[in-house]
Amino acid sequence: MLTRKICMIGDFAVGKTSLVSRYVRHTFSEAYQTTIGVKIDSKIIRLPSGDDLKLVLWDIAGSNALSTVEQSYLKGASGYLLVSDATRCETLDHAIDLHRQAERQIGHVPFVLVLNKDDLHEQYELSTDTLKQLRSSGWHSVRSSALTGLGVEEAFQRLGEQLAIKA
Ligand code: G3D
Ligand code: MG
């Protein structure tokens, strides 16, 4: 079976670990512990072609506001989910910066921008202009909530399908 490594990238507390547990285990815990080191999960998805693709999901602990992505973490990754927290606009700026860092390290690979915590409507902070600009420069984005499950399958599925096109 085709297997691809994908990395979760984004600021501390944007919901990287929660998205993985919603996606892989269909659970959400308000008291989910901060990941220690790197956690690896996997999930098999069905591609439009009918083939299966195994996604190996790498989730790193990052406690810095703007943590740098480590080369050893990204090594061998075929793509990544770039996660921001829709209730904190600075996490989108940081995501853009982390994307640049990732590109410098592993070159152009597919990624999907995830605008998480979409359930917290009243606290929504992201700039529509910035999002429009990103979309017009070719970025794929998905609104998600690891709490309700909205958009979670879609985010991983979209990335998986982009990887399959590249494969
Ligand atoms: P990280 O892995 O990116 O550091 P976590 O982020 O998955 O640990 O999530 C950080 C906090 O945000 C957690 O709250 C988690 O429950 C919450 N969270 C994650 N995704 C969502 C979401 O989609 N909606 C809402 N409302 N909350 C979310 P705590 O309180 O445990 O720190
Ligand atoms: Mg985490």
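This is a predicted model: local features need pLDDT of at least 70, side-chain atom pairs count only at pLDDT 80 or more; totals for chains, interfaces and linings use all residues.

Modeller: A definition first. Helices (H or I, at least four residues) and strands (E, at least two) are DSSP runs, numbered from the N terminus. Residues are numbered from 1 along each chain as its sequence is written, chains are lettered from A and ligands numbered from 1 in the order in which they are written, and side-chain values use heavy atoms, with hydrogens and water left out.

Colleague: Which element of the chain has the lowest mean pLDDT?

Modeller: Over the chain, the mean pLDDT is 89, and 89% of the residues reach 70 or more. Among the elements, β5 has the highest mean, 98. At the other end, with a mean of 84, is helix α2 (residues 71-74).

Colleague: Where is Lys-117?

Modeller: Lys-117 is not a glycine, yet its phi is positive, about 70°. At 24% relative accessibility, Lys-117 is partly exposed; buried is under 20% relative accessible area, exposed over 50%, partly exposed in between (1.4 Å probe, protein chains only). Lys-117 sits in the loop between β5 and α4 (128-136).

Colleague: Is His-26 buried or exposed?

Modeller: His-26 belongs to the loop between α1 and β2. Its phi is positive, near 55°, in a residue other than glycine. Because its relative accessible area is 53%, His-26 is exposed.

Colleague: How many residues of α1 are buried?

Modeller: The buried residues of α1 include Lys-16, Arg-22 and Tyr-23. The rest of the structure largely encloses α1. The count is 8 of the 10.

Colleague: At about what angle does helix α1 run to β2?

Modeller: α1 (residues 16-25) lies across β1, β2, β3, β4 and β5, where contact means heavy atoms within 4.5 Å. Axes are lines fitted to C-alpha atoms, for helices over the stretch in contact, and angles run from 0 to 180 degrees between N-to-C directions. Helix α3 (residues 90-106) lies across β1, β4 and β5, at about 160° to β4. For α1 against β2, the angle is about 40°.

Colleague: Which strands stand at the edges of the sheet?

Modeller: The 6 strands make an open, mixed sheet in the order β2-β3-β1-β4-β5-β6. An edge strand here has a single partner, so one of its sides is left without a neighbour in the sheet. That applies to β2 (38-46) and β6 (141-143).

Colleague: By what angle are neighbouring strands of this sheet turned against each other on average?

Modeller: The angle ignores direction. The average is 25°.

Colleague: Which residue in β3 is the bridge partner of Leu-2?

Modeller: Two strands pair if DSSP finds at least two bridges between them. β1 (residues 2-10) and β3 (residues 52-60) share 7, in the parallel sense. The partner of Leu-2 is Leu-53.

Colleague: With which residue does Asp-85 form a salt bridge?

Modeller: A salt bridge is a side-chain nitrogen of Lys or Arg within 4 Å of a carboxyl oxygen of Asp or Glu. The closest N and O atoms are 3.0 Å apart, and the partner is Arg-88.

Colleague: Which residues are linked in a network of salt bridges?

Modeller: The salt bridge count is 8. One of them joins Asp-41 and Lys-39 at 3.1 Å. Asp-41 is buried at 12%, whereas Lys-39 is partly exposed at 31%. The network links Arg-25, Lys-39 and Asp-41.

Colleague: How many residues are in the largest nonpolar core?

Modeller: A nonpolar core is a set of buried Ala, Val, Leu, Ile, Met, Phe, Trp, Tyr and Cys residues joined through side-chain atoms within 4.5 Å. Ile-9, Leu-55, Leu-81, Leu-82, Leu-113 and Phe-156 touch the most other members. Leu-113 has contacts with residues including Leu-82, Leu-92 and Trp-139. The core's total is 43.

Methods:
pLDDT is the predictor's confidence in each residue, from 0 to 100. Lists of a residue's contacts leave out its neighbours within four places in sequence.
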